[in-house]
Amino acid sequence: MSRIRSAKRVSAFADSVFGEMTRLAKLHSAVNLSQGFPDFEAPQSIKDAACTAIQAEQNQYAPPYGTVAFREAIAADFTRRYGVPVVPDEQVTVCCGSTEAMMAAMLACIDPGDEVIIFEPFYENYGPDAIIAGAEPRYIRMREPEWQFDPDELKAAFNNRTRAIVINSPNNPTGKVYTRDELTLIASLCQKWDVLAISDEIYERIVYHGHAHVPMASIPGMADRTITTNGLSKTYSVTGWRIGWAISPPSLTGGIRKMHDFLTVAAPTPFHDAGVAAMSLSDSFYTELAGDYQKKRDLMLDILGRHGFTASSPGGAYYVMAGISRFGFTSDSEFAQYLVKEIGVATVPGSSFYIDPATAPQSVRFCFSKKDETLFEADRRLARLSVISG
Ligand SMILES: Cc1ncc(COP(=O)(O)O)c(C=O)c1O
């Protein structure tokens, strides 16, 4: 066999279904409700800050772990809102998106042969991240309609090889917001088995009435065994800027910074100032953000209900998993292909968020971080679906 070939680890990974659905959406001029990015504008003040930084020649490598001002802003914001002390010099690492923060965290804190617990359905990167770090992922199923996990199943998954558990709340793709009780149970297992929690809180600002975001690091006993990842992408509608961060216990920060440095050197320079501007937005910005998203969620649920989908209401984030049993398709992948090609709406097959798609409930994920007119257009197109399927 030729030695000019991809490494074995690559063959374990499927191509990203998100990229493929976005490609198909373009090809078929479909309304793209697949990939998780907004089609509306980012706040003017943060765009201005980025432009000013570029014009002021802040165009060379940034300090590898983030500018002092940005790291201080991240730390102060977390402490102000959640009461968890964070020392910027010792605990904050600015990365190229929270995606890189998660990868750097796993590479820094997990050894080959360790196990990493991941709740499924899961955001597509967690499994590959664990595998790249040499670990074996163990999946714990969350089940509809509330996307609860079975505490006994979770307890049984912990063992002497467990090194970390990944939590994502508010959750992509389900919209689940973990309750304090659920987090407390996970925390007690982390403490019992001496396990690290890696908590992806990128949707923390998009939480709906009746739900509250509880950071894992704020649960008693967890601050020194939690790495929190977050970023600008979702809260400020700038997914293309690739700015995220990890807040870690001081003992783990050195490792994360080394990994980050070797992976990327530093995150894009002009956006550190933009990050500082973002962190200085008033509380009303966040109230409005969550309120606007709540209206979009309600609109999306109304559209889905009228066109034959079944869906439970997400408590946070900007996705909804919609059941497709009424359409008579044998698989959600087939249905998603039909939707994008024939109906003109791009979604993501729900089964792609499971390690074994054959055991997944049949659904498609709609992303509703879109202008109202985009959702109205999807509504008009989905109306044809009802007609076609009778
Ligand atoms: C749960 C979750 N984490 C992380 C990301 C990626 O974030 P970033 O743009 O900061 O890399 C996404 C994007 O969809 C996500 O849904």
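A: First, some terms. Helices (H or I, at least four residues) and strands (E, at least two) are DSSP runs, numbered from the N terminus. Contact means heavy atoms within 4.5 Å. Axes are lines fitted to C-alpha atoms, for helices over the stretch in contact, and angles run from 0 to 180 degrees between N-to-C directions.

This is a predicted model: local features need pLDDT of at least 70, side-chain atom pairs count only at pLDDT 80 or more, and totals for chains, interfaces and linings use all residues. Residues are numbered from 1 along each chain as its sequence is written, and side-chain values use heavy atoms, with hydrogens and water left out.

Helix α4 (residues 68-82) lies across β2, β8 (226-231) and β9 (244-247). It runs at about 120° to β2. Helix α6 (residues 97-109) lies across β2, β6, β7, β8 and β9, at about 160° to β8.

Now the ligand. Helix α6 gives the largest share of its shell, 3 residues. The shell has 14 residues (a heavy atom within 4 Å of the ligand). T99, N172, D200, Y203 and S233 come nearest.

Polar contacts follow (pairs of N or O atoms within 3.5 Å). An N or O atom in the T99 side chain is 2.5 Å from a ligand oxygen. For N172, a polar side-chain atom lies 2.6 Å from an oxygen of the ligand. For the K234 side chain, the distance from an N or O atom to a ligand oxygen is 2.7 Å. Alone, the ligand exposes 400 Å² (Shrake-Rupley method, 1.4 Å probe). The protein buries 93% of that.

Notes
Polar contact = N/O pair within 3.5 Å; in protein donor to acceptor, adjacent residues only side chain to side chain.
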